[in-house]
Amino acid sequence: MEPRNTPLDTMQRLYPYVRKVEGKSWQGVLTNGRSGKDMIIYRLAETYLLRAEAYLRKGDKANAASSINLVRERANAKPVAAADVTLDYILDERGRELMAEEPRKRTLCRMGMLVERVKKYNMKPETRNSIAEKHNLYPIPQGAIDANFSVKLTQNAGY
């Protein structure tokens with residue numbers, strides 16, 4: 001075995017892994033970290049935050065703030081003013097409300113803010129320094145490219 005001279009790829013350490021839901025061990029194996037507990041797919045709070053994002057993208061900050069405040073009111077948090085609503089604020093609110101319940105990378109990629117937020121908030125220097133725009137998309141497996149003979153698939157940029 002040779003020592004590693006290069007840091008791990010950025011995709012190894014985007015965010016810390018938090019285990020919020022526990023249940024019986026998966027198939028009796030205690031060491032794999034998986035459980036058979038039901039997991040939440042949709043939450044009402046997430047739909048309000050998605051609606052807030054849609055309103056903000058339409059330029060309607062008042063309705064965006066109203067949607068966010070429905071979530072904040074339930075949590076007994078201070079309401080947000082319409083003037084303070086930004087995509088960053090919505091992402092922060094999603095982080096507070098949906099901690100460990102949403103696929104965060106998917107949300108950041110969808111919003112086009114993966115690289116920006118990782119560079120700004122990730123604690124590991126090797127991750128902050130190695131994240132690149134190509135990480136917004138995964139590489140297409142060569143087998144999938146080869147199998148599509150009727151349509152030419154091109155590899156995602158950077159891979």
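The structure is a predicted model, in which local features need pLDDT of at least 70 and side-chain atom pairs count only at pLDDT 80 or more, while totals for chains, interfaces and linings use all residues. Residues are numbered from 1 along each chain as its sequence is written, and side-chain values use heavy atoms, with hydrogens and water left out. The protein chain has 7 helices and 0 strands, where helices (H or I, at least four residues) and strands (E, at least two) are DSSP runs numbered from the N terminus.

**Overall fold and surface**

- Read from the N terminus, the order of elements in the protein chain is α-α-α-α-α-α-α.
- Of the 159 residues in the protein chain, 27% are buried, a term that stands for under 20% relative accessible area, with exposed meaning over 50% and partly exposed in between (1.4 Å probe, protein chains only).
- The protein chain has an accessible surface of about 11,300 Å², and carbon and sulfur atoms hold 55% of that area; such areas come from the Shrake-Rupley method with a 1.4 Å probe, and for residues only the protein chains shown count as cover.
- Among contacts in the protein chain with a separation of 6 or more, 45% join residues 24 or more positions apart, contact being defined as heavy atoms within 4.5 Å.

**Nonpolar cores**

- The largest nonpolar core has 13 residues, and those with the most contacts inside it are Ile68, Val80, Val85 and Ile90; a nonpolar core is a set of buried Ala, Val, Leu, Ile, Met, Phe, Trp, Tyr and Cys residues joined through side-chain atoms within 4.5 Å.
- Two or more residues of this core come from each of the elements α1, α2 and α3.
- Another core lies apart from it and has 9 residues, among them Cys109, Met113, Leu114 and Val115.
- When residues up to four places away in sequence are not counted, Val85 touches Leu56, Lys61, Ala64, Ala65, Ile68, Val80 and Ile90.

- Helix α3 spans residues 87-97, and its buried residues are Tyr89, Ile90, Leu91, Glu93, Arg94 and Glu97.
- The cover over the buried residues of α3 includes α1 (44-58), α2 (61-74), α4 (104-110) and α5 (114-121).
- Glu102 has its place in the loop between α3 and α4, and Glu102 counts as buried because its relative accessible area is 11%.
- With neighbours within four places in sequence left aside, Glu102 is in contact with Arg94 and Thr107, and the side chains of Glu102 and Arg94 make a polar contact at 2.7 Å.
- A polar contact is here a pair of N or O atoms within 3.5 Å; within protein, one must be able to donate a hydrogen and the other to accept it, and residues adjacent in sequence count only if both atoms are side-chain atoms.
- Glu102 and Tyr42 are 60 residues apart in sequence, while their C-alpha atoms are 9.0 Å apart in space.

**Helix α5**

- Leu114, Val115, Arg117 and Val118 are the buried residues of α5, and the buried residues of this helix pack against α3, α4 and α6 (125-130).
- Arg117 counts as buried because its relative accessibility is 3%, and its side chain makes a polar contact with the side chain of Asp88 at 2.8 Å.

- Asn69 lies in helix α2 and counts as buried because its relative accessible area is 17%.
- Not counting residues up to four places away in sequence, Asn69 touches Pro79 and Val80, and the side chain of Asn69 reaches the backbone nitrogen of Val80 at 2.7 Å.
- Asn76 lies in the loop between α2 and α3, and Asn76 counts as exposed because its relative accessibility is 73%.
- Phi of Asn76 is near 55°, a positive value in a residue other than glycine; most residues other than glycine have a negative phi.

**Charges over rings**

- The charged end of Lys105 sits over the ring of Tyr138 at 4.3 Å from its centre, and Arg96 lies over the face of Tyr89 at 5.6 Å from the ring centre.
- A charge sits over a ring if NZ of Lys or CZ of Arg is within 6 Å of the ring centre and within 35 degrees of the ring normal.
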